[in-house]
Amino acid sequence: MKKYIILAIGGIFFLVLLFSFYQKSESSMTENRQNVLNLFLTAKKSELTLEKDIIKSRNFLSLTYDLIVEDEKEVDQICLGLNNPLTGIKNINKQLDDSINDYCKALDKKMIQVETFKSKNAILKNSTLYLQKIALEDNYLVGNKNLKEEELRNQLVKMSLAYSVAPNNDLKEALQKIVDNLLLNNELTTSNEDDLEMIVSHVSRILENKDNLDVLVKNLVSSNTEVLLDKVRQNYFVSFSKSEDTALIFKKLLFGVCLMFLFFTMYNIILLWKSANTILIANQTLESRVIERTKQLNESKETIIQQQQALISSAKMSSLGEMAGGIAHEINTPLAIIGMRVEQLEECVSDGTVNTELVLKTTQIIKNTNTRIAKIIAGLRFFARDSKTMPTQMESVSKILADTFSFCKEKFSIHGIQLEITKNIDPSIEIDCRPVEISQVVLNLLNNSFDAIEEFKEKWIKVSLTDLGDLVEIRITDSGQGIPKDLQDKIMQPFFTTKDVGKGTGLGLSISKGIIESHQGKFVLDNNSPNTCFVLLLPKKQQEKSQEELKEVS
Amino acid sequence: MKFNTLLLAITISVSVKAKDNQLTNEPILPLPEVVKIDNLDKVTLGKTLFEDKRLSHNQTISCASCHNLNRGGVDGLVHSVGINGAEGNINSPSVFNSSFNFRQFWNGRAKNLNEQADGPIHNPKEMGSNWDEVVQKLKADKKYQSDFNKIYKGFITQENIKDAIVTFESSLVTVNSRFDQYLRGNEASITENELKGYQRFKSYGCVACHQGMNVGGNMFQTMGVMGDYFKDRKTPITEADLGRYSLTKDESDRYVFRVPSLRNVELTAPYFHDGSAKTLQEAVTVMAKYQLKRKLSNEEIDSIVAFLKSLTGETPASVKGVSK
């Protein structure tokens, strides 16, 4: 994606660059084009006006040069304009620059010729004017002076005027001869006639300047500046069309690149669309996979729960297993009693000393002992059964405790553990409960205590029962030194155990807590006691419980 | 036949009066009636600069030293005197009406007043300075700082100094001479003698070169068209005598000068590039002799001189101190 953005930015940048090139190549000349064309036009016009005024000045006598001076100023502007970088004609190419230089050089030369023209023309005009005046003034033509001189003068004036109007070499030669003669013979100085001297001087000026001036005018009017200007113009147009070509190339290139860019963009869009599609599909797959995963997770969660429950029941079974050893003793003793009594009865029968009283007494003992065994068995059956579905029943606490003790009395006495039960327990204290469960809790606590204090020197477990009105409190205290603070929070958690691997499941206390709480009671560790002391607080009456709460407990 | 046609053409070209009384087809044209001053501040600044001696190397010479504004724009000397008493080699031309001259300097080496200004500044015999020095000096002046600030956004530069001076010089037009009044149709403004002088001026051929609005100043001409002036002068040829030749090295340009304007000629003695003619009479005599091969009588000379004096115009307003 990043790559495409960089490419796109690069493409746009390239386009802008190309466009600026195109604009530059196009505008630099087109902007100036009109100015340059105007300059060419003005140049041509200025030169033409100058030439026109020169011809006028040559032919009409009274015209002043002020007009030509103005024309000259105009012409001076031409090259200033052409060489001004702002005009935009200089420095385009060498050919054009050279042609401009050629033109301006020629123009300079022409302007020098114009100055020469002005000087010479003034002289020539003056001389011609002078001679014309003499011709007009009668007294010069008809006088009473030297006839020969008059004739000469007349001839000079006529001939030179004729020459100035229609110059030809014969006339010029003839005139020159007369002038030369006059000057050579020194006749002028002797003659005292100032006007003849003047006439000769003027004629000399005419002879001297006429041809030159005519050539000069011809040169000026037909000067090559026009050709050179045309060349400049031609070169300019060539350069201009070249620049137009360049602009066109840029234009085409611009178009091409634009097209490429368009295709590229379209290609990218297609790519993008495609990848977007892929993402969409991937998204859908992902969703279904998430659902699947969740399902799997739920399943595994259920499995875990099932396993946990299995573990919990197996823990029950394991505590049952623990009990089994103890139970063996418990059952063995009444069985022995029964056996003994049966032998006693058999002896009586065989002796023949059957005493009804004794028999009745003995059978009563057997009956009682049998009931005791049946009770133990029934207790075992209760343990094995899933207790949660069982309804609660009113049961004497002392009886529950006694039943429980019956499972472990022997075990404790074997290991030298003193099991004390508060004396004078009121057997009438009853609680609404599932006796098996309570018994299980008590048994669990007793077993825990047993494990904890087994190796101690001082081995005792005290169980007390206190009637608290609505509640009963069962305290089970052992000779242990309490549970370390950092473990107190953990002991109630499932699967936490300090026992050796294989010895405990870590479920005992958590199950016990669950059972007591399912009886709306409290299962706590009494921190105030110097010894390890668990306290069970149980209500005498069970309140109505919702089904969900029951479920939660399990 | 051809001859007659020519004569006819000449007769037609004789001056006639136009409807509004202005004479047309005269070889001399009147100066503008009024001088338009667009930027009074600039003209005033130009005048201050024109009269500022700091433009010379040792603070002794200003433009006005040689172009005295109260003496017809000249110094009245044969050759002008520059810094340290250095004597130049040429007669100062008048600054009045100089903007109407087609070239500047006697040999026309400057195309305009702007180019001209560089000359005297750098000429060691005139101001002996250079623009960097001048700019440096003027920058130290608080008054100039504020003046240039007003007109040129504070830039005291060679270009701006020249621009101000040229603007002032262009305002130096001597309008409303009696002869201009005559050209504009007021026949009474010149005397009969002056008119006679003008007619002679025309018919003898002076007008062939001294023509146009500035009565000269619009072409080059050889000094000595019909006689060798320099040979007769009997003093050695100087660099200044060479005229345009010193620029072009073209033999035909030897002794060729810009034809001087004859306006206010009454005030600009001595005359010619070499200042050799002390009076107008003398100048007219020399011109007639060497340019026209003509010997003039005193009466003729006087009338021409009288005409020339009618070309003296009013002192330019900007000289007197321009007021709004």
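Chain B touches chain A through 32 of its residues, which meet 30 residues of chain A; contact means heavy atoms within 4.5 Å. This is a predicted model, in which local features need pLDDT of at least 70, side-chain atom pairs count only at pLDDT 80 or more, and totals for chains, interfaces and linings use all residues. Residues are numbered from 1 along each chain as its sequence is written, and side-chain values use heavy atoms, with hydrogens and water left out.

**Interface of chains A and B**

- Chain B and chain A bury about 2700 Å² between them, 60% of it on carbon and sulfur atoms; buried area is the accessible area (1.4 Å probe) that two parts lose on being put together, summed over both.
- There are 3 salt bridges between chain B and chain A, a salt bridge being a side-chain nitrogen of Lys or Arg within 4 Å of a carboxyl oxygen of Asp or Glu.
- B:Arg103 makes a salt bridge with A:Glu115, with 3.5 Å between the closest N and O atoms.

**Strand 5 of chain A**

- In strand 5 (residues 471–478) of chain A, 6 of the 8 residues are buried, so the strand is largely enclosed by the rest of the structure; buried means under 20% relative accessible area (1.4 Å probe, protein chains only).
- Strands (E, at least two residues) are DSSP runs, numbered from the N terminus, and two strands pair if DSSP finds at least two bridges between them.
- Strand 4 (residues 460–467) of chain A runs antiparallel to strand 5 of chain A, joined by 7 bridges.
- A:Ile474 in strand 5 of chain A is the bridge partner of A:Leu465.
- Strand 7 (residues 533–539) of chain A also pairs with strand 5 of chain A, in the antiparallel sense over 7 bridges.
- A:Pro539 in strand 7 of chain A stands opposite A:Leu471.

Definitions and conventions
Chains are lettered from A and ligands numbered from 1 in the order in which they are written. Buried means under 20% relative accessible area, exposed over 50%, partly exposed in between (1.4 Å probe, protein chains only). Helices (H or I, at least four residues) and strands (E, at least two) are DSSP runs, numbered from the N terminus.
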